[in-house]
Amino acid sequence: MPVLDSVVIGAGQAGLSTSHHLRRLGIDHVVLDADAAPGGAWQHRWDSLTMGDVHGVADLPDAPAPGAGPEPANVVVPAWFADYERTHALPVLRPVRVDRVSSDGELLVVAAGERRWTTRTLVSATGTWARPFVPHYPGVDRFQGVQLHTRDFPGAEHFRGKRVLVVGGGASAVQFLGELAPVARTTWVTRREPVWVDDFTSEQGVTAVAAVQERVRRGLPPLSVVSVTGLHLRPQEAEAARLGAYARRPMFARVEPDGVRWADGTFEPVEVILWATGFRPAVGHLAGLGLRSAHGGIQLDGTTAVADPRVQLVGYGPSASTIGANRAGRAAAVAVRAHLLFHQRSPGVHRRVE
């Protein structure tokens, strides 16, 4: 079995950026992607999410991002990714769903069913979309209505006239309420009081990313960037605000078959619970490498796993945003080259980074 210099797992924004920089550095690698088509998580977003609704898509290296507009993001971004893969001849193999990564002496073995790849380094770029998070509350298993997570949102029209409980304090919850409030009876609940800001500034963005990065550096589980920046309303959410959709309530005490019971004992009938409760890093395939710190997260030095310098993580923590993913892709490729040069394993990596 040939030994690769690197294997990238995932062909979303972070994985494509990493592959681009690995090619520029002359590093022999493949990209293993679980999806049947290009597009990363974007191809799975709900149809009503337009390019005018998304919170910004950063450029890929040498490829400007599509602009804002009325077109569905789950069509525009995958087409852009597909063109990028073709134009830059990126070595993407799909569909390949990686089950696990194990250590074999100085090498790493990547397994996907019966298939195997042996590599000197690894870049995990699996993001979070594959691991939706739904908290458990008493009675939730007995609810007789519809429960769904952000990743399964079918569009507001599906809930016309329904009583919808939106759970979660992030940007997705705000956006869902903006779509749902004009057509449904909505109630918004969050664990914490939302923090509203007039707008995001570049300084706030830098501060937020630094805060998330510090947690990852210490080996703590990463938080979302929005948990640091706060929330703001866009023009398309003005009607929902006028209707009172953002009058948030604290979490309910328990779920009942046809609604929720509040802490004060009062009951509210509910037909739909929409869990806009975010995602967790999809890193289960790395479990066999023992990367987690005593604090529960994977400790990183830049993008390098402190517990195993052969492994880079991108799309994790501060690089979960598209802007952070691009920067992390370059950093990971440079770190891969440094590791290979240090161990004098690959004669083809002596090109200078542009």
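Phe 176 is buried, its relative accessible area being 0%, where buried stands for under 20% relative accessible area, exposed for over 50% and partly exposed for what lies in between (1.4 Å probe, protein chains only). The model is a predicted one, in which local features need pLDDT of at least 70 and side-chain atom pairs count only at pLDDT 80 or more, while totals for chains, interfaces and linings use all residues. Residues are numbered from 1 along each chain as its sequence is written, and side-chain values use heavy atoms, with hydrogens and water left out.

Across the whole structure, a search finds 11 aromatic pairs; rings of Phe, Tyr and Trp (its six-membered ring) pair if their centres lie within 6.5 Å, and planes under 30 degrees apart count as stacked, over 60 as edge-to-face and the rest as tilted. One of these pairs joins Trp 46 to Phe 176 in a tilted arrangement, 5.0 Å centre to centre and with 55° between the planes. Because Trp 46 lies in the loop between strand E2 (29-32) and helix H2 (73-87), and Phe 176 in helix H3 (residues 171-180), the pair ties together parts that are 130 residues apart in sequence; helices (H or I, at least four residues) and strands (E, at least two) are DSSP runs, numbered from the N terminus. Trp 46 counts as buried at 5% relative accessibility, and together with Phe 153, Phe 159 and Phe 176, Trp 46 forms one aromatic cluster. Another tilted pair is made by Trp 80 and Phe 81, whose ring centres are 5.6 Å apart with the planes at 45°; Trp 80 is buried at 10% relative accessibility, and Phe 81 is buried at 0%.

Turning to the charged side chains, the search of the whole structure finds 12 salt bridges, each being a side-chain nitrogen of Lys or Arg within 4 Å of a carboxyl oxygen of Asp or Glu. Arg 86 and Asp 83 meet in one of them at 3.8 Å, N to O, and both lie in helix H2, 3 residues apart, about one turn of the helix. Arg 86 is exposed at 59%, whereas Asp 83 is partly exposed at 38%.

A salt bridge also connects Glu 268 with Arg 249, the closest N and O atoms being 3.6 Å apart, and this pair links distant parts of the chain, with Glu 268 in strand E13 (residues 267-269) and Arg 249 in strand E10 (residues 249-250), 19 residues apart. Asp 308 and Arg 310 form a salt bridge at 2.8 Å, N to O, and both of these residues are buried.
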